[in-house]
Amino acid sequence: MRQQDNTRSKAPAKPNAALAAAVEEAVKVLRAGGLILYPTDTVWGIGCDATNEEAVQRIYALKKSENKHSMLVLCYSADELVRYVNRAPGIAFEVMEMATSPLTLILPGATGVAKDLIPDEGTLGVRIPNHEFCQALLRKLGRPLVSTSANISGEKTPRRLPEIAEEIVAGVDLVIHPRFEGRPTGKASSIIAFGENGEVRVIRE
């Protein structure tokens with residue numbers, strides 16, 4: 001369902017109050033096993049509670065994706081991140097701190113998330129978003145959030161809400177208002193994979 005702006009007959013809500021209300025609604029949907037369509041610091045994404053097996057399966061079904069274990073998760077902070085990748089080398093966090101643009105890390109020792117997010121090698125794609133709405137949502141949710149492009153598998157990745165297929169919009173339980181979009185890059189993040197002993201492999205620049 002689309003979130004509506006019903007402020008015409010009353011004074012506009014303060015930005016912080018509007019953000020808090022949007023986050024509260026999203027968290028309610030996520031904790032009930034629902035899917036959201038939401039803005040990030042890169043492109044719009046489909047999200048769910050990364051610890052909910054059934055919700056993760058719903059996203060794969062919505063995207064018509066046969067490539068399981070292909071979705072990354074967003075975490076609020078490095079302290080939260082290490083709860084879900086318990087064999088990550090220290091150099092990964094040094095690289096993350098130095099990054100000047102959105103960066104996804106593929107890290108070893110995945111644990112505590114839905115099994116269909118973890119490939120055979122036991123890794124997990126993780127990212128800490130530099131985005132006001134995402135940060136507020138992650139802090140309130142208290143769990144990692146699945147983040148995957150808002151498209152049918154194999155189709156072009158949409159950058160903005162109007163570009164997203166109606167099939168995707170209709171398949172989620174909540175669409176976050178685009179007022180919270182911020183200043184996204186409009187392109188997917190860079191990806192670097194790290195081994196337990198600090199091995200580094202650039203997957204996408």
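Helices (H or I, at least four residues) and strands (E, at least two) are DSSP runs, numbered from the N terminus. The model on your screen is predicted: local features need pLDDT of at least 70, side-chain atom pairs count only at pLDDT 80 or more, and totals for chains, interfaces and linings use all residues. Residues are numbered from 1 along each chain as its sequence is written, and side-chain values use heavy atoms, without hydrogens and water.

**Stop 1: G109**

Select G109. This residue sits in the loop between β4 (103–108) and β5 (123–127). Is G109 buried or exposed? G109 is buried, with a relative accessible area of 3% (buried means under 20%, exposed over 50%, partly exposed in between, with a 1.4 Å probe and protein chains only). Now show its contacts (heavy atoms within 4.5 Å). Beyond neighbours within four places in sequence, G109 touches Y84, V85, N86, R87 and G122.

**Stop 2**

Select D41, P129, N130, H131 and E132. Of the 24 residues that line the second largest pocket, these lie nearest its centre. A pocket is an open set of points on a 1 Å grid over the protein atoms alone, where a 1.4 Å probe fits, with protein on both sides within 12 Å along at least five of seven lines; lining residues have an atom within 4 Å of a point.

Next, colour α1 (15–31) and α5 (132–141). Each supplies at least two lining residues. Which gives the most? The answer is α1, with four residues.
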